[in-house]
Amino acid sequence: MALIHLIYTSTLVQGGPEVLADILHTAQHINQLRGITGMLLHANGSVLQVLEGEEAEVSTTFQSIERDTRHRDVFVLSRQGIAERQFGAWTMGLRNLTATELRESPSAGQVFDANKHEIATRVQPGAALALLVFFAQGVEVPD
């Protein structure tokens with residue numbers, strides 16, 4: 001069973017905690033059924049997300065994400081084989097980045113600058129994964 005990760009960015013069409021909570025709830029339910037794990041970072045209406053799992057399941061899930069009308073400008077940063085999961089504790093972890101975190105992390109600030117979302121398309125895959133791993137620290141495992 002070959003594992004892959006897929007990292008992408010997107011822009012939420014409608015912001016607000018309710019939309020994000022709905023996306024998280026849906027992701028956790030579907031990912032549990034499909035054996036997918038991952039992490040979602042959110043700031044300024046933009047998302048950086050990683051999905052981990054078997055290639056067929058990740059592909060099916062990502063096709064649903066691409067059709068989801070709650071966001072637009074979906075752009076894949078990385079899709080590659082992995083030896084092991086880095087976010088195996090969560091069907092989907094979530095972290096909302098604060099303004100302070102964005103100021104203190106120049107690469108995060110670029111990815112999540114709502115006025116310059118196109119910058120996210122130039123982020124190196126390794127840098128995107130490093131951001132996800134860094135900001136996953138301290139995230140609680142949802143019940």
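Analyst: Let us start with one residue. This is a predicted model. D22 has a relative accessible area of 39%, so D22 counts as partly exposed.

User: What does D22 form a salt bridge with?

Analyst: The general idea comes first. Side chains of opposite charge can pair when their charged atoms come close. Here, D22 pairs with R70 in a salt bridge, and the closest N and O atoms are 2.6 Å apart. D22 lies in helix α1, residues 17–34. R70 sits in the loop between α2 (55–67) and β4 (71–82). The pair therefore ties together parts that are 48 residues apart in sequence.

User: Is R70 buried, exposed or in between, and which residues are linked with R70 in a network?

Analyst: R70 is partly exposed, at 21% relative accessibility. A network of salt bridges links D22, D68 and R70. D68 has a relative accessible area of 19%. Buried means under 20%, so D68 is buried.

User: How many salt bridges does the structure hold?

Analyst: The structure holds five. Another one of them joins the side chains of E101 and R95, at 2.2 Å from N to O. Both E101 and R95 are buried.

User: Now the helix. How far apart are the end C-alpha atoms of α1?

Analyst: They are 25 Å apart. At 1.5 Å a residue, the 18 residues of α1 should span 26 Å, so the two values agree. After the helix comes G35, with a positive phi near 70°.

User: Which residues of α1 are buried, and which are exposed?

Analyst: Again, the general idea first. An α-helix has 3.6 residues a turn, so residues three or four places apart point the same way. In α1, the buried residues are V19, L20, I23, L24, A27, Q28 and N31. Seen down the helix axis, they fall within an arc of 165°, so they line one face of α1. E18, H25, Q32 and L33 are exposed on the other side of α1.

User: Let us step back. What pattern does the protein chain follow along the sequence?

Analyst: The chain has five helices and five strands. Their order is β-α-β-β-α-β-β-α-α-α. Among contacts between residues at least 6 apart in sequence, 81% join residues at least 24 apart.

User: How many residues are in the chain, and what percentage of them is buried?

Analyst: The protein chain has 143 residues, and buried ones make up 47%. Its accessible surface comes to about 7600 Å². Carbon and sulfur atoms account for 51% of that surface.

User: What is the mean pLDDT, and which elements have the lowest and highest values?

Analyst: The mean pLDDT of the chain is 83. Of its residues, 85% reach 70 or more. Among the elements, helix α4 (residues 106–111) has the lowest mean, 72. Helix α2 has the highest, 95.

Technical notes. Residues are numbered from 1 along each chain as its sequence is written. This is a predicted model: local features need pLDDT of at least 70, side-chain atom pairs count only at pLDDT 80 or more; totals for chains, interfaces and linings use all residues. Side-chain values use heavy atoms; hydrogens and water are left out. A salt bridge is a side-chain nitrogen of Lys or Arg within 4 Å of a carboxyl oxygen of Asp or Glu. Helices (H or I, at least four residues) and strands (E, at least two) are DSSP runs, numbered from the N terminus. Buried means under 20% relative accessible area, exposed over 50%, partly exposed in between (1.4 Å probe, protein chains only). Contact means heavy atoms within 4.5 Å. Accessible areas come from the Shrake-Rupley method with a 1.4 Å probe; for residues, only the protein chains shown count as cover. pLDDT is the predictor's confidence in each residue, from 0 to 100. The expected span of a helix is 1.5 Å times one less than its number of residues. The arc is that of the directions from the helix axis to the C-beta atoms.
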